[in-house]
Amino acid sequence: MTAQPASPLPDPVPTGALRASDAEREAVVEQLRDAAAEGRIDLGELDARLEQALTSRTRAELAVVTADLPKPVTAESLPPLVLKGGLYGASRGPGRWEVPGRVIAHGGVGGVKLDFTRVECRLAEVAVEVYGDTSGVTVVIPDGWAADTGGVDPGVGGLKDRTTPDRLPGTPLIRLTGSGGAGGIVVRHPDRRERRRLGGDPAR
């Protein structure tokens, strides 16, 4: 039986020729509006570019619309946030802070507290590596957010997950990995004192 010749592989489509998605067009629209708010383009340019963005069919056409604008800094592009408890402890929050896609917390001797209650996070998921070390790590998330602690080794200090599974639409999932060490890991929603400080309405 004569072997049939292999069919030639199709030529790859250049990235710029790929069809743009609705999500990609919306991202460009948001970038244009931000550029107008910053004074980079005037209202006339904004209208023209918005129309061009919404009618762009390929990624190449879409790229032309923002070619002369600085690329936006996104949470996904931010470097990991690293917190080390050291001798005196460390914390982030409860004030406003920009949440990257990855956070690493080492409890050290002084402990670490990571508080998300006042942040605005557009990420679908945040990876948080926690290492309890001697004094532990505490993670506080707003009501309506959810945590996945399945990747945490409790260690000697243990793991206490006091969060509820009632995740609201549009809120991020905090996915934890790491180990409890001697100090342990605590994941919870705000306590009464923190709620009073937040005015009874923690940011979601």
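This is a predicted model: local features need pLDDT of at least 70, side-chain atom pairs count only at pLDDT 80 or more; totals for chains, interfaces and linings use all residues.
Biologist: Which pattern of helices and strands does the chain follow along the sequence?

Modeller: The chain contains four helices and ten strands. Read in sequence order, these elements give the pattern α-α-α-β-β-β-β-β-β-β-β-β-β-α.

Biologist: What share of the contacts with a separation of 6 or more comes from residues 24 or more positions apart?

Modeller: The chain has 204 residues, of which 38% count as buried. Among contacts with a separation of 6 or more, the share from residues 24 or more positions apart is 70%.

Biologist: How much of the accessible surface of the chain belongs to carbon and sulfur atoms?

Modeller: The accessible surface comes to about 12200 Å² for the chain.

Biologist: Is Arg-25 buried or exposed?

Modeller: Arg-25 belongs to helix H1, which covers residues 22–37. Its relative accessible area is 15%. Since the limit for burial is under 20%, Arg-25 is classed as buried.

Biologist: Where does His-189 lie, and which backbone nitrogen does its side chain reach?

Modeller: His-189 is placed in the loop between strand S10 (185–188) and helix H4 (192–197). With 10% relative accessibility, this histidine counts as buried. Leaving aside neighbours within four places, its contacts include Val-140, Asp-143, Trp-145, Arg-162 and Glu-194. At 3.1 Å, the side chain of His-189 reaches the backbone nitrogen of Thr-164.

Biologist: How many aromatic pairs does a search of the whole structure find, and how far apart in sequence are the parts tied together by Trp-97 and Phe-116?

Modeller: The search finds two aromatic pairs. In the pair of Trp-97 and Phe-116, the ring centres are 5.2 Å apart and the planes meet at 40°, so the pair is tilted. Trp-97 sits in the loop between strand S2 (90–92) and S3, and Phe-116 in the loop between S4 and strand S5 (125–131), so the parts that the pair ties together are separated in sequence by 19 residues.

Biologist: What are the centre distance and plane angle of the pair formed by Phe-116 and Trp-145?

Modeller: Phe-116 is buried, at 0% relative accessibility. Trp-145 is in the loop between strand S6 (137–140) and strand S7 (146–153), whereas Phe-116 is in the loop between S4 and S5, so the pair ties together parts 29 residues apart in sequence. The pair is tilted, with a centre-to-centre distance of 5.9 Å and an angle between the planes of 50°.

Biologist: Which residues form the aromatic cluster?

Modeller: Trp-97 is buried, with a relative accessible area of 9%. Trp-145 is also buried, with a value of 1%. The one aromatic cluster is formed by Trp-97, Phe-116 and Trp-145.

Biologist: What accessible area does the nonpolar surface patch containing Val-109 have?

Modeller: Val-109 lies in the loop between strand S3 (102–106) and strand S4 (112–115). At 47% relative accessibility, this valine counts as partly exposed. Together with Leu-87 and Tyr-88, Val-109 forms a nonpolar patch on the surface whose accessible area is about 410 Å².

Notes:
Residues are numbered from 1 along each chain as its sequence is written. Side-chain values use heavy atoms; hydrogens and water are left out. Helices (H or I, at least four residues) and strands (E, at least two) are DSSP runs, numbered from the N terminus. Buried means under 20% relative accessible area, exposed over 50%, partly exposed in between (1.4 Å probe, protein chains only). Patches are made of residues with over 30% relative accessible area and no salt bridge: like charges are joined within 9 Å, nonpolar side chains (Val, Leu, Ile, Met, Phe, Trp, Tyr) within 5 Å. Accessible areas come from the Shrake-Rupley method with a 1.4 Å probe; for residues, only the protein chains shown count as cover. A salt bridge is a side-chain nitrogen of Lys or Arg within 4 Å of a carboxyl oxygen of Asp or Glu. Contact means heavy atoms within 4.5 Å. A polar contact is a pair of N or O atoms within 3.5 Å; within protein, one must be able to donate a hydrogen and the other to accept it, and residues adjacent in sequence count only if both atoms are side-chain atoms. Rings of Phe, Tyr and Trp (its six-membered ring) pair if their centres lie within 6.5 Å; planes under 30 degrees apart count as stacked, over 60 as edge-to-face and the rest as tilted.
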